[in-house]
Amino acid sequence: MILVFAETNGKISKAALEAASYGANLAKQNNTSCTLVTYGNNNDLNLFAKHGINKILQASALQNPDSAQLSKLVVAAAEKENASTIIFSHDLTGRAVAPRVAARLNAGLVSGAVALPEANTIKVNVFSGKAAAYVEVLSDKKVISVMPNSVGITTIDTSINIESFNPETGTAKVIVKETKKNEGEISLPEAELVVSGGRGLKGPENWGMIEELAKLLGAATACSRPVADIGWRPHHEHVGQTGIAIAPNLYIAIGISGAIQHLAGVNRSKVIVVINTDAEAPFFKAADYGIVGDAFEVVPKLIESVKKFKAAAN
Amino acid sequence: MKILVCISKAPDTTTKIAFTDNDTKFNESGVQYIVNPYDEWYALVRALELTENSGGNVTTITVGSAADEAIIRKALAIGANDAVRIDAVPEDAYYVAKQIASYAKDKNFDLIMCGKETIDYNGSQVGAMIAELLDMPYVSLATKLDVNNDTATLERDIQGGTEVIECKLPLVLSAAKGMAEQRIPNMRGIMAARTKPLTVIQPVEAPKLTAYKKFTLPPAKSACKMISPDNVEELVNLLHTEAKVI
């Protein structure tokens with residue numbers, strides 16, 4: 001039996017559907033069934049019947065749980081369902097809960113899986129995306145967290161049973177006091193399209209065109225480390241080895257030379273476009289499409305072209 | 001305040017990654033090791049700032065061989081008060097977490113801090129495992145940390161915003177970018193580090209639950225298609241018809 005943990009607050013996220021799909025495919029591979037455990041009061045859980053989930057355990061009594069409570073919830077569900085493998089998304093919550101569950105169950109954890117198990121090993125990215133590793137779990141019980149935007153969402157029609165499931169999980173010790181929204185921005189870690197700027201843009205006052213291009217494309221904005229360090233852009237936009245690692249479908253790098261540390265954060269992008277004045281910039285070696293030119297000439301032209309394209313598409 | 005900072009070694013960020021023994025082992029020849037940046041720049045430096053403001057002690061802990069003492073001395077040079085090395089090879093996250101939890105369990109640390117992940121195996125596992133083994137609360141990827149009396153206030157980036165979190169000490173957390181700024185050790189720190197206590201202890205019995213069987217390098221990228229700056233429309237066209245990403 002495969003157990004998937006997913007958060008289902010508000011609109012069910014892509015990461016949740018990816019984890020569910022991974023679990024369902026793994027269940028199919030092993031001729032077994034797949035149960036999903038979640039918390040809260042979402043009424044749209046039937047959606048998972050399109051993604052191969054046979055049963056849902058819903059802890060409706062649990063509101064704003066911390067990682068210790070979620071660990072207890074998942075461990076209780078794993079015992080109830082006699083789960084051999086437990087699947088998480090390798091997102092903020094998964095990073096906190098999956099290792100807790102693994103430690104509680106003495107189960108080996110593979111974090112950041114990018115493919116289904118093959119010949120008893122699971123593929124993950126290592127060295128910040130500069131290499132891949134095949135990991136074997138040596139324990140009977142296994143925990144796997146799935147790298148967002150890596151395994152896809154599959155459609156498998158099932159009928160689904162939703163059961164209320166409220167085991168004892170204690171009280172929350174970690175309390176969320178306040179949530180601040182970044183108004184109008186697209187969240188960078190989950191963005192499918194990203195427009196990123198570097199020192200080649202010469203100053204924070206020149207980010208208007210980056211933001212305009214991003215808005216037109218429906219993309220998130222990002223930046224290189226020097227730009228975040230000198231305060232031109234906020235830290236949460238820094239992508240790279242010591243910032244955040246992203247895997248969008250399209251990454252447009254403008255005025256970024258492409259140091260190895262920056263590439264480590266973006267090399268899982270499906271398509272990379274590089275715009276740089278320096279034809280020798282190392283980023284061109286990692287790019288799919290390149291333009292050697294001045295950002296202040298190329299980006300306004302690009303904005304016009306995208307406008308035309310969008311107008312034609314509508 | 002007593003703080004334990006988990007420090008791990010990692011290959012320097014400019015290392016060219018290669019493998020040996022039929023692609024089953026990381027090729028260490030010529031590799032310069034550093035303190036894992038997340039452990040050093042964010043966790044360790046913030047721990048030092050907190051104790052500098054309100055008193056206390058920062059201990060670093062590393063599971064590793066004698067060769068790791070160079071990076072441990074670096075952490076001491078930056079300002080940690082003392083260090084512990086558990087003499088074992090850190091091959092599996094559970095094994096490492098078990099070692100650190102077993103050391104920390106009767107030491108009454110107020111905070112146990114880790115970096116977000118190491119830049120080599122990128123597991124992001126050890127901190128939360130320590131929390132579970134010690135029955136302590138855990139916050140992943142904190143970007144800010146303040147402590148007032150017995151309460152920690154943290155921030156972290158969530159989808160589309162940030163959240164402010166409170167938790168009574170003791171607490172285990174992982175530190176991400178934003179928590180502190182990198183510190184370069186000065187000569188006085190480097191001299192002082194030589195005589196700061198570095199205790200070596202033997203590992204406890206613990207199983208290894210995972211094994212890295214094989215490594216591969218990503219396939220070489222096909223050549224970049226160059227587009228003239230006078231023909232930007234062609235780029236939009238290719239992104240739509242060829243790459244199919246817009």
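Here are some friendly notes on this two-chain model, as numbered points.

1. **Ground rules.** This is a predicted model, in which local features need pLDDT of at least 70 and side-chain atom pairs count only at pLDDT 80 or more, while totals for chains, interfaces and linings use all residues. Residues are numbered from 1 along each chain as its sequence is written, and chains are lettered from A and ligands numbered from 1 in the order in which they are written.

2. **Chain A overall.** Chain A holds eight helices and 15 strands; helices (H or I, at least four residues) and strands (E, at least two) are DSSP runs, numbered from the N terminus. Its radius of gyration is 21 Å, close to the 20 Å from the globule rule for 314 residues, so chain A is as compact as a globular protein of that length. That radius is taken over C-alpha atoms, and the rule is 2.2 Å times the number of residues to the power 0.38. The C-alpha trace of chain A spans about 60 × 40 × 40 Å along its principal axes.

3. **Burial and contacts in chain A.** Of the 314 residues in chain A, 54% are buried. Here buried means 20 or more other C-beta atoms within 10 Å of the residue's own, exposed means 12 or fewer, and partly exposed is in between, with C-beta atoms placed from the backbone. Among contacts in chain A between residues at least 6 apart in sequence, 66% join residues at least 24 apart; a contact requires C-beta atoms, placed from the backbone, within 7 Å.

4. **Chain B overall.** Chain B has six helices and 16 strands, and its C-alpha trace spans about 65 × 45 × 40 Å along the principal axes. Buried residues account for 50% of its 246 residues. For chain B, 72% of the contacts with a separation of 6 or more come from residues 24 or more positions apart.

5. **The interface.** On the chain A side, 76 residues are in contact with 66 residues of chain B. The chain A residues touching chain B divide into 36 nonpolar, 23 polar and 17 charged. In this count Ala, Val, Leu, Ile, Met, Phe, Trp, Tyr, Cys and Pro are nonpolar, Asp, Glu, Lys and Arg are charged, and the others, Gly among them, are polar.

6. **Strands that cross between chains.** Strand S7 (residues 131–137) of chain A pairs with strand S15 (residues 210–216) of chain B in the antiparallel sense over six bridges, where two strands pair if DSSP finds at least two bridges between them. Within that pairing, Tyr134(A) has Lys214(B) as its bridge partner. There is also an open sheet of four strands, ordered S10(A)-S12(B)-S11(B)-S10(B), with antiparallel pairing. Its edge strands are S10 (174–181) of chain A and S10 (144–148) of chain B, each pairing on one side only. S10(B) runs antiparallel to strand S11 (residues 151–158) of chain B, joined by five bridges, and Val147(B) stands opposite Ala152(B) in S11(B).

7. **The parallel sheet of chain B.** What is the strand order in the open sheet of seven strands? In chain B the order reads S9-S13-S8-S1-S6-S7-S14, with parallel pairing. Strands S9 (138–142) and S14 (198–201) of chain B stand at the edges with a single partner strand each, so one side of each is left without a neighbour in the sheet. Strand S7 (residues 82–87) of chain B pairs with S14(B) in the parallel sense over four bridges, with Val84(B) and Thr199(B) as bridge partners.

8. **A closer look at S9(B).** S9(B) pairs with S13(B) in the parallel sense over three bridges, and Tyr138(B) has Val172(B) as its bridge partner in S13(B). Leu141(B) also lies in strand S9 of chain B, and counts as buried because it has 25 C-beta neighbours inside 10 Å. Not counting residues up to four places away in sequence, Leu141(B) touches residues including Leu92(A), Arg95(A) and Ser174(B).

9. **Nonpolar cores.** A nonpolar core is a set of buried Ala, Val, Leu, Ile, Met, Phe, Trp, Tyr and Cys residues joined through C-beta atoms within 7 Å. In the largest, of 129 residues, Val5(B), Ala97(B), Met113(B) and Ile130(B) touch the most other members. Apart from it lies another core of 54 residues, among them Ile275(A) and Ile246(B).

Definitions and conventions:
Contact = placed C-beta atoms within 7 Å.
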